[in-house]
Amino acid sequence: MREAAIFRQFLAENRDAVIVTVASVKGSTPREAGAAMAVSAASACGTIGGGQLEYMAIDHARAMLAGRTAETQLDIALGPEIGQCCGGRTLISFAAADEEATEALLAAMEKREARQPAVFIFGGGHVGKAIAAAASL
């Protein structure tokens, strides 16, 4: 299943959710600008790079859902202070998963997916696995 389809299903099943997007990056970061995830009170879909950065984003999204914060951006330095060694800086945006935000996210994902070429690999050895890993980026 493609990423947009996975998100579409998650957001249909979790109407009360927050869309978390990497708005911009500086230096070394785990994901590129535009990477997204959706967070509900009990689960999450997608990834913005894992580690402490993602834990902080999930906690913030759930605080938004609970009405404990209205802050829609976090500017996070990825260094020793949060225990993530990337060394760059990531600006993360948060938006309620209303119809407009959901459709914008899905349209961007579908556009990105349409640009991805189809790659067929025959053979499952170490070279095939390395090519598959590189092609999935």
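Reader: At roughly what angle do the axes of helix H1 and helix H3 cross, and within what distance do they come?

Author: Two packed helices are described by the angle between their axes and by the distance between those axes. In this model, which is predicted, the axes of helix H1, residues 3-13, and helix H3, residues 99-115, come within 8 Å and cross at roughly 160°. Because angles over 145 degrees count as roughly antiparallel, H1 is described as roughly antiparallel to H3. The crossing of these two helices, H1 and H3, is left-handed.

Reader: Which residues of H1 and H3 meet?

Author: On the side of H1 they are Glu3, Ala4, Phe7, Arg8 and Leu11, and these meet Thr102, Glu103, Leu105, Leu106, Met109, Glu110, Arg112 and Glu113 in H3. Sorted by class, the contact of H1 with H3 has 6 nonpolar residues, 1 polar residue and 6 charged residues.

Reader: How many residues are in the largest nonpolar core, and which of them have the most contacts inside it?

Author: The general idea is that, in soluble globular proteins, nonpolar side chains tend to be buried together. Here the largest nonpolar core has 17 residues, and those with the most contacts inside it are Val20, Ile48, Ile92 and Phe94. Two or more residues of this core come from each of strand E1 (17-26), strand E2 (36-40), helix H2 (51-65) and strand E5 (89-96). The largest share, 5 residues, is given by H2. Apart from this core lies another one, of 14 residues, among them Phe7, Phe10, Leu105 and Met109.

Reader: Which residues does Ile92 touch, if we do not count those up to four places away in sequence?

Author: With those left out, Ile92 touches Val20, Thr21, Ala23, Ile48, Leu53, Ala57, Thr72, Gln73, Leu74 and Ile76.

Reader: Is Cys85 buried or exposed, and where does this residue lie?

Author: Cys85 lies in the loop between E4 and E5, and because its relative accessibility is 77%, Cys85 counts as exposed. Its C-alpha atom is separated by 9.2 Å from that of Thr29, although Cys85 and Thr29 are 56 residues apart along the chain.

Reader: Where is the place of Ala77, and what does its relative accessibility tell us?

Author: Ala77 belongs to strand E4, residues 73-77, and its relative accessibility of 22% means that Ala77 counts as partly exposed. Not counting residues up to four places away in sequence, Ala77 touches Ile82, Gly88 and Arg89. Between the C-alpha atoms of Ala77 and Lys26, which are 51 residues apart along the chain, the separation is 9.3 Å.

Reader: In which helix does Ile131 lie, and how does this residue count by relative accessibility?

Author: Ile131 lies in helix H4, residues 126-135, and at 41% relative accessibility Ile131 counts as partly exposed. The C-alpha atoms of Ile131 and Ile121 are separated by 8.0 Å, and these two residues are 10 residues apart along the chain.

Conventions
Residues numbered from 1 in each chain as written. Predicted model: local features only at pLDDT ≥ 70, side-chain atom pairs only at ≥ 80, totals over all residues. Heavy atoms only, no water. Axes fitted to C-alpha atoms, helices over the stretch in contact; angles between N-to-C directions. Helix = DSSP H or I, 4+ residues; strand = E, 2+ residues; numbered from the N terminus. Parallel < 35°, antiparallel > 145°, perpendicular 65-115°, else oblique. Left-handed = near helix turned anticlockwise from the far one by under 90°. Contact = heavy atoms within 4.5 Å. Nonpolar A, V, L, I, M, F, W, Y, C, P; charged D, E, K, R; others polar. Core = buried A, V, L, I, M, F, W, Y, C linked by side-chain atoms within 4.5 Å. Buried < 20%, exposed > 50% of the residue type's maximum accessible area, 1.4 Å probe, protein only.
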